[in-house]
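Biologist: I am new to this structure and would like to go through it with you. Could you bring it up, please?

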Amino acid sequence: MEYFLLFISAIFINNIVLVQYLGACPFMGTSKSTDVALGMGGAVIFVTLMATAITWPLHQYVLIPYGIEYLQTIAFILVIASLVQFVEMFLKKAVPPLYKSLGLFLPLITTNCAVMGVAIMVQRNGYSFFKSMMYGLASGIGFLIALVIISAIRERLDISPVPRVFKGVPIALIMAGIMSLTFFAFQGMAA
Amino acid sequence: MSTITKEFVKGLWDELPPFRVLLGLCPTLAVTSTAENGLGMGAAVIFVLTMSNLIISTIRKIIPPKVRIACFIVITASLVVTVELLMQAYAYPLYQKLGIFVPLIVVNCLILGRAEAFASKNGVIPSIADALGMGIGFTLSLTFLGAMREMLGNGTVFGTPVMWESFQPASFMVMAPGAFVGLGLILAGMNAFNRYLSRKKGEKEPVSQNSTCASCGACNSCGQ
């Protein structure tokens, strides 16, 4: 039950983009069409899971025993950057169809705060390994849901009569604000 | 105008982050619930950006082009760790308020973007001018957005009450939705102002400059 609640809360109540503001750059940058949004969301779920699976043991079994927790930032970003490189190379060689759909987005993910944010957050919250993986998966799903919804809205907005100065990013940001407001309603339901 | 002044000034208006080029949206949205937080985050970014541009432009000829992004990340990450330790020592309350977004400066697209687009191609002095201009522009923008949200959402600016007595704060503005809506309104305002300026000059209407593509620092690999 505890895990189920954590899962639901990470997807809806504490949605990573709309409530915690992590990953706002790709949220705006890759939400112009639903196909791109699906690809990016899939890639984020994948990389978040992999990154959590590697950074959690790294922090618990290397950084803490040696008393060098302050190097967390530098260790995590290096691990994530090289992980993304490896995943890209591996997919290119071993699973070409998957590489075709996700490959384009992988380099973008190195600079995605969502991945790094989840890795740091599970350490600050003191989650166990299994809980961390659940949290990573749920955050990725939350990102995918938010991205797909906003991309669908933006596709409709493109053909709607929007005031000239609001065209493009400004109206998308305001839509994101309204979406964020709806996600805030889940907080009332959980309480 | 000399080139150095030009590099400095462009960060203050023409390429003002994050309003004109959408770089570094996460901290922009997350820490601007008060003006003070915006200012603190801006100061940290100025430090990291200036130092990283300085270091990268100094060793730009030694960095092998193939692994340059990795090199930039290592340099930025070391600087961010420095900032983290400095803040823990001298500005602990601010460090706690900014929370997870201090270590996340390392993935701030603004820093990687400037390293890739400017410092790796230009000399030391122009790179510092560029970093200072961009950093100060970023700080001013964050402080402005923070002040606006704090004023509407809490009735204060930098903790001092500024609104009239019967003012009802709209707590919506200091929460996440207010961040998105506030930034959207500012971007639209900038667009309107630019249209007005160019119409006054009798030029053609400018294309909206809020490109999202520059926002990731990985332009080469993106292909969009």
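Predicted model: local features only at pLDDT ≥ 70, side-chain atom pairs only at ≥ 80, totals over all residues.

Biologist: Where in chain B does B:Phe158 lie?

Modeller: B:Phe158 sits in the loop between strand E1 (156–157) and strand E2 (160–161) of chain B. Its phi is near 55°, a positive value in a residue other than glycine. Most residues other than glycine have a negative phi.

Biologist: What is phi near for A:Tyr21?

Modeller: Phi of A:Tyr21 is near 60°, again a positive value in a residue other than glycine. A:Tyr21 belongs to the loop between helix H1 (2–13) and helix H2 (24–29) of chain A.

Biologist: And is A:Tyr21 buried or exposed?

Modeller: A:Tyr21 is buried, because 26 other C-beta atoms lie within 10 Å. A:Tyr21 is also among the residues in contact with B:Cys26.

Biologist: How many residues does each chain give to the contact between A and B?

Modeller: Chain B gives 45 residues and chain A gives 42. On the side of chain B, the largest share, 12 residues, comes from H8(B). That side divides into 33 nonpolar, 10 polar and 2 charged residues.

Biologist: Turning to chain A as a whole, how many helices and strands are there?

Modeller: Chain A has 9 helices and 0 strands. Its radius of gyration is 18 Å, close to the 16 Å that the globule rule gives for 191 residues, so chain A is as compact as a globular protein of that length. The C-alpha trace spans about 60 × 45 × 30 Å along its principal axes, and 48% of the residues of chain A count as buried.

Biologist: One last topic: which peptide bond in chain B is cis?

Modeller: The bond from B:Pro17 to B:Pro18 is cis, with omega near -5°. B:Pro18 is placed in the loop between helix H1 (3–10) and H2 of chain B. Most peptide bonds are trans.

Definitions and conventions. Residues numbered from 1 in each chain as written. Chains lettered and ligands numbered in written order. Helix = DSSP H or I, 4+ residues; strand = E, 2+ residues; numbered from the N terminus. Rg over C-alpha atoms; globule rule 2.2 N^0.38 Å. Buried ≥ 20, exposed ≤ 12 C-beta atoms within 10 Å, placed from the backbone. Contact = placed C-beta atoms within 7 Å. Nonpolar A, V, L, I, M, F, W, Y, C, P; charged D, E, K, R; others polar. Lists of a residue's contacts leave out its neighbours within four places in sequence.
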